[in-house]
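Trainee: Could we go through this structure together? I would like to start with the overall layout and then turn to details.

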Amino acid sequence: MSERVRIGFVGCGGIAVAHLKALVKNPYVELAAFCDVNLERAKSVSFQYGAAGAMVFNRAEEMFRNTVLDAVYICVPPFAHGAEFEAIDRGIPFFVEKPVNLFSEQAREIAAAVERKKVLTSVGYMNRYRKGVQKVKGLLSQDTPILVLGGWIGQTPRLTPEAAIYNWWIVKEKSGGQFHEQVTHTVDLVRFMCGEITEVHAYPAKGFNKGVSPNYNIEDASVVNVKLANGAVGSLWASCSANGGGGGVSLSIYAGNTTALFTGWEHSLRLLRTGVEPEEIPGEQNIFEIEDDAFIDAVRLKDASKILCPYSEGLKTLEVTLAANRSMVSGEPVRIPFK
Ligand SMILES: NC(=O)c1ccc[n+]([C@@H]2O[C@H](COP(=O)([O-])OP(=O)(O)OC[C@H]3O[C@@H](n4cnc5c(N)ncnc54)[C@H](O)[C@@H]3O)[C@@H](O)[C@H]2O)c1
């Protein structure tokens with residue numbers, strides 16, 4: 001590897017730009033190649049963030065064939081994965097955005113190939129890197145969690161007719177729905193701080209959001225009751241139909257002597273403990289920078305120990321949200337096997 005980590009991007013949309021804004025600040029990074037099925041988007045981000053001589057492509061295979069890369073960012077919607085295999089075949093470390101896929105079979109194949117080839121990976125569950133989250137994880141290792149409540153509540157998507165045609169988020173067969181695509185962050189945090197989820201029982205609400213787009217077919221809201229391996233229970237929710245205000249992102253964890261109240265996208269923490277003064281830990285606004293620096297250091301130093309979410313972990317979170325989707329259809333509880 002040269003002095004700098006040569007990076008290629010597959011998918012150059014919204015979250016790619018969030019990572020690019022962080023990566024341009026990292027002196028060890030060279031932004032060498034950009035791929036998007038929408039070539040204009042690849043060209044535009046290359047122009048804005050790319051190193052001199054950066055190359056653009058509209059097919060991932062061509063990017064891998066025609067460039068020498070030290071690491072890859074895969075920032076595509078849930079239905080569009082598969083470029084991971086190109087990276088794995090070449091032994092190139094990759095960062096992949098959450099949720100890691102929409103199809104468990106492909107995700108399991110990717111995880112098996114990662115394991116076989118010992119490829120370094122990182123999944124975009126950036127909240128794992130927050131100080132508040134790590135503090136609570138430590139406390140809960142001594143004080144077993146009993147109840148978890150949380151989720152994401154937002155407004156009805158308001159799209160221009162043109163944007164609605166291209167918007168994958170509102171299409172169940174592309175995003176997996178709000179629970180799979182967004183509340184995946186909350187599911188992952190529950191797993192990270194409280195242990196494995198072993199069973200889900202989900203209830204969808206549909207037919208309330210009108211006039212979004214003829215393509216709109218995700219749930220307007222859902223509630224997913226969960227059982228944890230340690231015997232704890234919880235309820236996690238999604239809504240994209242709350243236009244009156246309120247809502248937002250939250251996660252509350254109740255243990256015998258510890259109450260952790262996370263609020264907001266940034267997961268600011270109010271921590272209440274028996275016999276201890278209440279504590280506030282504000283969530284970090286530059287969390288993508290923190291997550292990206294950990295990945296770049298891992299690639300550079302060939303040391304994965306600071307990566308908090310490898311692909312195998314992203315797969316476990318995926319199994320939970322896909323099980324919730326199956327439960328929404330069947331109406332039955334679904335057990336999640338785990339090792
Ligand atoms: N970590 C976070 O907080 C966070 C925030 C936003 C989005 N995300 C995740 O990032 C992923 C992408 O979301 P986004 O908001 O950037 O979406 P987006 O629609 O803004 O961008 C996705 C881009 O991928 C491109 N694309 C689609 N299929 C492709 C393929 N096969 N090869 C190359 N490019 C392809 C699209 O043309 C588009 O430019 C999603 O999984 C989403 O859940 C994570």
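Mentor: We shall take the domains, the ligand shell, the sheet and some backbone details in turn. Please keep in mind that this is a predicted model.

Trainee: Fine. Which domains does the assignment give?

Mentor: The domain assignment gives domain 1 as 5-126 + 288-310 and domain 2 as 127-284 + 319-335. Taken over C-alpha atoms, their centres are separated by 26 Å.

Trainee: And how many residues from domain 1 and from domain 2 does the contact take?

Mentor: Domain 1 supplies 14 residues and domain 2 supplies 17 residues. On the domain 1 side, helix α11 (residues 287-301) gives the most, with 3 residues. By class, that side of domain 1 has 11 nonpolar, 1 polar and 2 charged residues.

Trainee: Since you mention α11, is L301 buried or exposed?

Mentor: L301, which is found in helix α11, is exposed, because 11 other C-beta atoms lie within 10 Å, and 12 or fewer counts as exposed. Its C-alpha atom is separated by 41 Å from that of N225, a residue 76 positions away along the chain.

Trainee: Now the ligand. Which residues are closest?

Mentor: The ligand is surrounded by 23 residues, and the closest are G11, G13, G14, A80 and E97. Helix α1 (residues 14-23) gives the most to this shell, with 3 residues. The shell divides into 13 nonpolar, 5 polar and 5 charged residues.

Trainee: Let us move to the sheet. What is the strand order?

Mentor: The order is β14-β13-β12-β11-β7-β10-β9-β8-β15, an open sheet of 9 strands with mixed pairing. β14 (276-281) and β15 (334-335) each have a single partner strand, so one side of each is left without a neighbour in the sheet.

Trainee: What packs on the sheet?

Mentor: Helix α6 (residues 131-140) does, touching β7 (145-154), β11, β12, β13 (268-273) and β14. The direction of α6 makes about 160° with that of β12. Helix α12 (residues 311-330) lies across β8 (197-205), β9 (221-228) and β15, and runs at about 45° to β8.

Trainee: What about β11 and β12?

Mentor: β11 (residues 248-255) and β12 (residues 258-263) run antiparallel with 5 bridges, and S252 stands opposite L261 in β12.

Trainee: Last topic, the backbone. Where is the cis peptide bond?

Mentor: The cis bond joins K98 and P99, with omega about -20°. P99 lies in the loop between β5 (94-96) and α5 (104-117).

Trainee: K118 has a positive phi too; where does it lie?

Mentor: K118, not a glycine, has a phi of about 55° and lies in the loop between α5 and β6 (121-123). K118 counts as exposed because it has 9 C-beta neighbours inside 10 Å.

Trainee: And is H267 buried or exposed?

Mentor: H267 also has a positive phi of about 55° without being a glycine, and its place is in the loop between β12 and β13. H267 counts as buried, because 25 C-beta neighbours lie inside 10 Å and the threshold is 20 or more.

Key
Residues numbered from 1 in each chain as written. Predicted model: local features only at pLDDT ≥ 70, side-chain atom pairs only at ≥ 80, totals over all residues. Domains from an automatic or database assignment. Contact = placed C-beta atoms within 7 Å. Helix = DSSP H or I, 4+ residues; strand = E, 2+ residues; numbered from the N terminus. Nonpolar A, V, L, I, M, F, W, Y, C, P; charged D, E, K, R; others polar. Near = placed C-beta within 6 Å. Pairing = 2+ DSSP bridges. Axes fitted to C-alpha atoms, helices over the stretch in contact; angles between N-to-C directions.
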